[in-house]
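Have a look at the sequence and the 3D view, then read on.

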Amino acid sequence: MAGHSKWANIKHRKGAQDAKRAKMFTRISKEIMIAVKEGNDPDPNNNPRLRLAIQNARGINMPKDNIQRAIDKASDKSTDQLAEMTFEGHAPGGVGIFVECMTDNNNRTVSDVRSIFNKRGGSLGKNGSLSFIFERKGVFTIPKKADLNLEELELELIDAGAEEFDSEGEMLIVTTSMEDFGNMQKKLDELNIEAENAGLQRIPNSTQEVDLATAKKVLAMVEEFEENDDVQNVYHNLEMTPELEKELS
């Protein structure tokens with residue numbers, strides 16, 4: 001029943017900077033704030049995006065006080081408005097890079113993103129230029145609890161639109177189409193299962209293989225993007241070859 005998620009082998013295993021709790025908290029706080037502002041409602045019971053953001057905050061053990069602080073800040077009319085921005089371009093070797101940002105200063109973010117592309121030997125393209133490479137998919141990370149019958153669960157989730165399953169240690173990764181994201185959330189709620197993390201991700205339809213030296217340049221670019229305070233997510237279609245996996249281990 002289990003398939004193999006395309007993104008599992010090619011995603012960049014984020015290193016030390018993503019282990020920094022403060023950085024992860026900042027990203028989730030921004031997601032909470034924009035969810036409150038866009039939904040125009042600080043009540044997660046009436047705001048699905050906020051409910052999802054709070055769920056993801058719990059998944060990284062974000063304290064309740066931090067969550068409430070982000071909600072209160074978003075509700076304060078004097079708080080700077082956050083805007084979502086996306087950038088598409090290429091890293092060395094023709095590897096596609098998709099950057100998602102949340103910012104209170106568009107000019108700063110555009111300048112920073114362009115600078116990283118240029119400095120790292122890449123090029124910033126037009127929005128939509130990588131639409132043929134990346135497809136938005138729903139991705140749910142579900143803890144494998146002792147009382148969970150995985151075979152029965154997979155059958156239930158297939159009915160809700162699950163396309164692929166991937167097992168990573170103590171986690172089950174479920175992938176759906178973007179259109180079935182809401183259906184999967186409802187199904188998990190019905191089953192009283194709370195995903196550790198859930199969201200729409202940009203999954204590459206194809207990968208780009210490059211030599212080891214070029215791959216290191218690509219990953220250095222990805223890491224610099226991830227260290228930027230305005231960047232929420234970075235996606236790429238670099239092929240994680242056995243040689244590269246060995247180098248990173």
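A residue counts as exposed when its relative accessible area is over 50%, as buried when that area is under 20%, and as partly exposed in between. Keep in mind that this is a predicted model.

How many salt bridges does the structure hold? There are 15 salt bridges. Let us visit some of them.

Begin with Glu 38 and Arg 49, whose closest N and O atoms are 3.0 Å apart. Is Glu 38 buried or exposed? Its relative accessibility is 52%, so Glu 38 counts as exposed.

Next, Lys 137 and Glu 163 meet in a salt bridge, with 2.6 Å from N to O. This pair links distant parts of the chain: Lys 137 belongs to strand 4 (residues 134-143) and Glu 163 to strand 5 (residues 162-168), 26 residues apart.

A further salt bridge joins the side chains of Glu 156 and Lys 187, at 3.4 Å from N to O. Here helix 6 (residues 150-159) holds Glu 156 and helix 7 (residues 181-190) holds Lys 187, 31 residues apart.

The residues of these last two pairs compare like this:

| Residue | Relative accessibility | Class |
|---|---|---|
| Lys 137 | 10% | buried |
| Glu 163 | 41% | partly exposed |
| Glu 156 | 33% | partly exposed |
| Lys 187 | 17% | buried |

Finally, look for a network of salt bridges that links Lys 30, Asp 104, Arg 108 and Asp 230.

Technical notes:
Residues numbered from 1 in each chain as written. Predicted model: local features only at pLDDT ≥ 70, side-chain atom pairs only at ≥ 80, totals over all residues. Heavy atoms only, no water. Salt bridge = Lys/Arg side-chain N within 4 Å of Asp/Glu carboxyl O. Buried < 20%, exposed > 50% of the residue type's maximum accessible area, 1.4 Å probe, protein only. Helix = DSSP H or I, 4+ residues; strand = E, 2+ residues; numbered from the N terminus.
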